[in-house]
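Subject: Structure for you to look through

Dear colleague,

I am passing on the structure that I said I would send, and my notes on it follow below. Please open it alongside them.

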Amino acid sequence: MAVYTLALGASAMDLAGLGERATARNRRKQQGREALQAASRQPAVVGAGAAGPVVRTSATEEPVPLAEDGAPRKAAGIATSLTVLALLLHLGGVVTRGLSAHRAPWGNMYEFSVTGTSVVVLVYLLVLTRRDVRWLSTFVLAPVLLSLGLAVAVLYTDSAPLVPALQSYWLIIHVSVAFVSSALFVLAFSTTVLQLVQERREAQRAAGATLGAGRFMEALPSAADLEKLSYRLIAISFPLWAFTLVAGAIWAEVAWGRYWNWDPKEVWTFIIWVVYAAYLHARATGGWNGRRAAYLSMAGFACLMINYGVVNVFFPGNHSYAGIG
């Protein structure tokens, strides 16, 4: 957690630097527009070419956001290096917990939280190999630190053998896929929140309003691009969650003799699947995009958090393995 905290600080410094770069770029653009307007008011020079200089631009080419333009950013590099180091330490903790318990280290809420957050960071770093999303680091590390703090302060449980229903190879299959799917949902949620903020700023800019705090948002992708990224993450995660649901049903038949028991955990897992299915369907066929689709995506993530933090702890059932009371 200490190393993650240092990485979070470096990431925040990177966002601050992006804000300064964005401000300087906007100032140069404004000065360029003012110079162009001043030049257009000058009287024409006899014998000068009427057309003037020609600037070739591509109508389809979109400007690359400052956060992804490939320019070296020292703070971002430090944040990424510290995140890798923290993940290695994190995975070391997961492995040693498994060795201590002599089983897969996700048999209770504490272990699920510790292992799940490591998967979130791992998935983020894997996405980073395909696209420069270092601007997302702050919004990944902050919830990871919050979850780890909650795990240590509230959810900690001594290592112990599993209850009989969990002593199955389905524990590894079912829960590991749920980890990856949930991690992608976390990244999609962070991107969706940024999308809503960016959409509001773009509307204010179009209305001529003065933008306030959050200058770093000027360096991030547009709201439309953020929405596309969130959609892709959910599109990848959704079939994994569907597999989690099916694998859980198969495991339930093995453990309890029935594929479906209307257990609170089963019901909420299905609710999450339905909400994200509605999001994908509405966006693909119903023409939903922008703010409406974002709200539906956030509703799915809210259901995921209820399933994690409420159902696991307060709802009695076959899945009452929180280990905290």
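Tyr4, Tyr124, Trp135, Leu136 and Leu171 touch the most other members of the largest nonpolar core, which has 70 residues. A nonpolar core here is a set of buried Ala, Val, Leu, Ile, Met, Phe, Trp, Tyr and Cys residues joined through side-chain atoms within 4.5 Å, where buried means under 20% relative accessible area, exposed over 50% and partly exposed in between, with a 1.4 Å probe and protein chains only. Two or more residues of this core come from each of helix 1 (2-40), helix 2, helix 3, helix 4 (137-153), helix 5 (170-206), helix 6, helix 7 and helix 8 (290-314), and helix 5 gives the most, with 11 residues. Helices are DSSP runs of H or I of at least four residues, numbered from the N terminus.

This is a predicted model, in which local features need pLDDT of at least 70 and side-chain atom pairs count only at pLDDT 80 or more, whereas totals for chains, interfaces and linings use all residues. Residues are numbered from 1 along each chain as its sequence is written, and side-chain values use heavy atoms, with hydrogens and water left out.

Leaving aside neighbours within four places in sequence, Leu136 is in contact (heavy atoms within 4.5 Å) with Tyr124, Leu187, Ser190, Thr191 and Leu194.

Two loop residues also deserve mention. His102, in the loop between helix 2 (74-101) and helix 3 (109-128), is not a glycine but has a positive phi of about 60 degrees, and His102 is exposed at 73% relative accessible area. Trp262, in the loop between helix 6 (223-256) and helix 7 (264-285), has a positive phi near 55 degrees and is exposed, at 64% relative accessibility.

Best wishes
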